[in-house]
Amino acid sequence: MKNVFILFVLSFSALLSAQKKVPTKKSLPTKTLTAAATLQKINPDLIKINDSIPDLIPQKTDGKFGFINQSGKTIIKPEYSNVGFFTEDCNLLNSPNNKIRQFGKNRYASVRLNGVDFRINKAGKRVYRFKDSDLAKCTPEFKTQLFHGYVLNNAYGIIEDARFENPGDYRQFTIYPQYDYLHIMEGDDLKNPMIVASHKNRFGVIDINNKVIIPFEYSDIKRNFSWKLARLFEVTKDGKNYYFVDADNKAY
């Protein structure tokens, strides 16, 4: 009987020991949780005031280009001879080198320093140097414009190709010729393009309904891809110093 009791005690002790060794679910270390939370934080310098334009905008200072945020704060110091917007690069996105394709995404911008082209991130770090062997050959997408400029009696107007037949009928003009110059900007909305216009030697922007979007107060507005890529217009008042304005004529 004594031996049975001893065996019972030993068995019970072994059971308690086994229960103590049952693994419990570990909680994440404090460091891991803190790091995860940090990744979810938004950089206050990149918070958008205007959702329709980029969070970082090129700006030229003393002959060099850098980037400012929408509040006008310098985020990437001006040191480059040329920069682009933070947009996709088709040639890198489709690179034959799989490791390089990530640098074609819109979280990077192309810049030029001392004649060498790089991609930088939004912290201003140069993360990739362009190599010809890395580049794919992308064919630009062509979209047929619905509207075109039309010159009548040395004045510029706008016609819609699908409905214009008789220049003698003023009703067929979308905008009757009345400007010194017109240029339809490249954009994604073919039905409602922005149009750079010149009147009395001053430049502004109008829409297809002849509504003034940007007042006629500039000596020049560049006819480039800034509206298509960033919904911004590159303007100057003195013919030398260019800067960007949005569709509300707010300067950056």
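What volume does the largest pocket have?

1. Basis of the note. This is a predicted model, in which local features need pLDDT of at least 70 and side-chain atom pairs count only at pLDDT 80 or more, while totals for chains, interfaces and linings use all residues. Residues are numbered from 1 along each chain as its sequence is written, and side-chain values use heavy atoms, with hydrogens and water left out.

2. Largest pocket. The volume of the largest pocket is about 1300 Å³. A pocket here is an open set of points on a 1 Å grid over the protein atoms alone where a 1.4 Å probe fits, with protein on both sides within 12 Å along at least five of seven lines; lining residues have an atom within 4 Å of a point. The volume is the space filled by probe spheres set on the points, which are joined across faces, edges and corners.

3. Pocket lining. Of the 39 lining residues, Phe85, Thr87, Phe225, Ser226 and Leu229 are the closest to the centre of the largest pocket. At least two lining residues come from each of β1 (56-61), β4 (82-86), α3 (90-93), α4 (226-230) and β17 (242-245), and β4 gives the most, with four residues. Helices (H or I, at least four residues) and strands (E, at least two) are DSSP runs numbered from the N terminus. By class, the lining of the largest pocket has 14 nonpolar, twelve polar and 13 charged residues; Asp, Glu, Lys and Arg count as charged, Ala, Val, Leu, Ile, Met, Phe, Trp, Tyr, Cys and Pro as nonpolar, and the others, Gly among them, as polar.

4. Open sheet. An antiparallel open sheet is formed by four strands in the order β11-β12-β13-β14, where two strands pair if DSSP finds at least two bridges between them. Its edge strands, β11 (181-184) and β14 (212-218), each pair on one side only. Within the sheet, β12 (residues 195-199) and β13 (residues 202-206) are joined by five bridges, and His199 has Arg202 in β13 as its bridge partner.

5. Hairpin of β2 and β3. Strands β2 (residues 64-69) and β3 (residues 74-80) pair in the antiparallel sense over three bridges, with Ile76 in β3 as the bridge partner of Phe67. Four residues lie between the strands of this hairpin, and Gly72 takes a positive phi near 95°.

6. Gln172. The loop between β9 (155-160) and β10 (173-179) holds Gln172. Gln172 is buried, with a relative accessible area of 16% (buried means under 20%, with a 1.4 Å probe and protein chains only). The side chain of Gln172 reaches the backbone nitrogen of Glu165 at 2.7 Å and that of Asn166 at 2.8 Å.

Note on methods:
Buried < 20%, exposed > 50% of the residue type's maximum accessible area, 1.4 Å probe, protein only. Polar contact = N/O pair within 3.5 Å; in protein donor to acceptor, adjacent residues only side chain to side chain.
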